[in-house]
Amino acid sequence: MSALVAQPRFLNLPQPSVPSQFNEADVLQWINELSGPDTRENALLELCKIRESVSQLAPLLYYSFGNMSALYQEITGIYPDLFPPTLTAQQSNRVCNALALLQCIASHPETRVPFLQANTPLYLYPFLHTVSKARPYEYLRLTSLGVIAALVKSNEREVINFLLSTEIAPLCLRIMETGSDLSKTVATFIVQRILFDDTGLDYICQTYERFSHVAIILGRMVISLSQTPSPRLLKHVIRCYQRLSDNPRAREALRQCLPDQLKDNTFAFQLKDDQPAKVCLIQLLNNLELTSVPEERLIYPGK
């Protein structure tokens, strides 16, 4: 049986099929089997299948003896295969299943804070540092980003403060520029969530270097999106710009560096079915006192 490749839940991608027959005894058995090297791979696979169906799976995983150590062992065990890149698809799939269980723990209100206090996200950063385009590495990056995305979805200040104290912002910005479309989307979502927290917005806009780094990457993404459309990614890029425009100093700078493609009708077709994104773009232009595009043309691109 092949391992699952976990995907970030917030993207509403198809979920793996859940076994039609499982009970509490099955769940407890798989949790116990995580600590055994010979039974761990199958336990990871089975628990990933049911992670959306067992509401208390995260506390059971986190507080059962030896399970977090087992997940850490799975993650750190492939570090030597990252640089130079020698990772196999089977290794990647197995670790992605471990990461999917970490995402489950990061999503749950009872385990999110201890998850942070243990500095668990730092174990994922070596995967975000990889640059290989091969699928095993792309799956690792994407699933690791899914764990961080699960954290920022909580809108908790403690999460933002933790992430800002680490290197997550520059890592996400690099992925936003060089990753696959899906990895770019998740990384941009994380940056967007950081910006929508007042502490995160102040942090990014505190120095010209931080702001310019974000603005340069967003600008390059806009140019790329005008050539290779991705409405879902465009929505997150617009929201990042709109939030930056709430900061007075960033607003002044954006008046000078906002890409022309956001001021004309370039993205009207991509946005035609996304009313919230169109409203965000209109709000952005209003904040910057730019009126290059009549509002009715953004809302009704045929006019």
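Analyst: A helix here is a DSSP run of H or I with at least four residues, and helices are numbered from the N terminus. The structure above is a predicted model.

User: What is the peptide bond from Phe 83 to Pro 84?

Analyst: The bond joining Phe 83 to Pro 84 is cis, and its omega is near -5°.

User: At roughly what angle do the axes of H1 and H2 cross?

Analyst: The axes of H1 (residues 24–33) and H2 (residues 40–50) cross at roughly 140° and come within 8 Å. This angle makes H1 oblique to H2, since only angles over 145 count as roughly antiparallel. The crossing of H1 past H2 is left-handed. In H1, Val 27, Trp 30, Ile 31 and Glu 33 meet residues of H2 that include Arg 40, Ala 43 and Leu 47. The contact of H1 with H2 divides into 6 nonpolar, 1 polar and 3 charged residues.

User: Which residues touch the most other members of the largest nonpolar core?

Analyst: In soluble globular proteins, nonpolar side chains tend to be buried together. Here the largest nonpolar core has 97 residues, and Leu 102 and Leu 244 touch the most other members. Beyond its neighbours within four places in sequence, Leu 102 is in contact with residues including Met 68, Phe 115 and Val 147.

User: Is Asn 67 buried or exposed?

Analyst: Buried means under 20% relative accessible area; Asn 67, at 1% relative accessibility, therefore counts as buried. Asn 67 lies in helix H4. Its C-alpha atom is separated by 7.5 Å from that of Ile 31, 36 residues apart along the chain.

User: Where is Glu 289 found, and what is its phi?

Analyst: Glu 289 is in the loop between H16 and H17. Its phi is positive, about 60°, although Glu 289 is not a glycine. With 63% relative accessibility, Glu 289 counts as exposed.

How values were computed. Residues are numbered from 1 along each chain as its sequence is written. This is a predicted model: local features need pLDDT of at least 70, side-chain atom pairs count only at pLDDT 80 or more; totals for chains, interfaces and linings use all residues. Side-chain values use heavy atoms; hydrogens and water are left out. A nonpolar core is a set of buried Ala, Val, Leu, Ile, Met, Phe, Trp, Tyr and Cys residues joined through side-chain atoms within 4.5 Å. Buried means under 20% relative accessible area, exposed over 50%, partly exposed in between (1.4 Å probe, protein chains only). Contact means heavy atoms within 4.5 Å. Helices (H or I, at least four residues) and strands (E, at least two) are DSSP runs, numbered from the N terminus. Axes are lines fitted to C-alpha atoms, for helices over the stretch in contact, and angles run from 0 to 180 degrees between N-to-C directions. Angles under 35 degrees count as roughly parallel, over 145 as roughly antiparallel, 65 to 115 as roughly perpendicular and the rest as oblique. A crossing is left-handed if the near helix is turned anticlockwise from the far one by less than a right angle, and right-handed if clockwise. Ala, Val, Leu, Ile, Met, Phe, Trp, Tyr, Cys and Pro count as nonpolar, Asp, Glu, Lys and Arg as charged, and the others, Gly among them, as polar.
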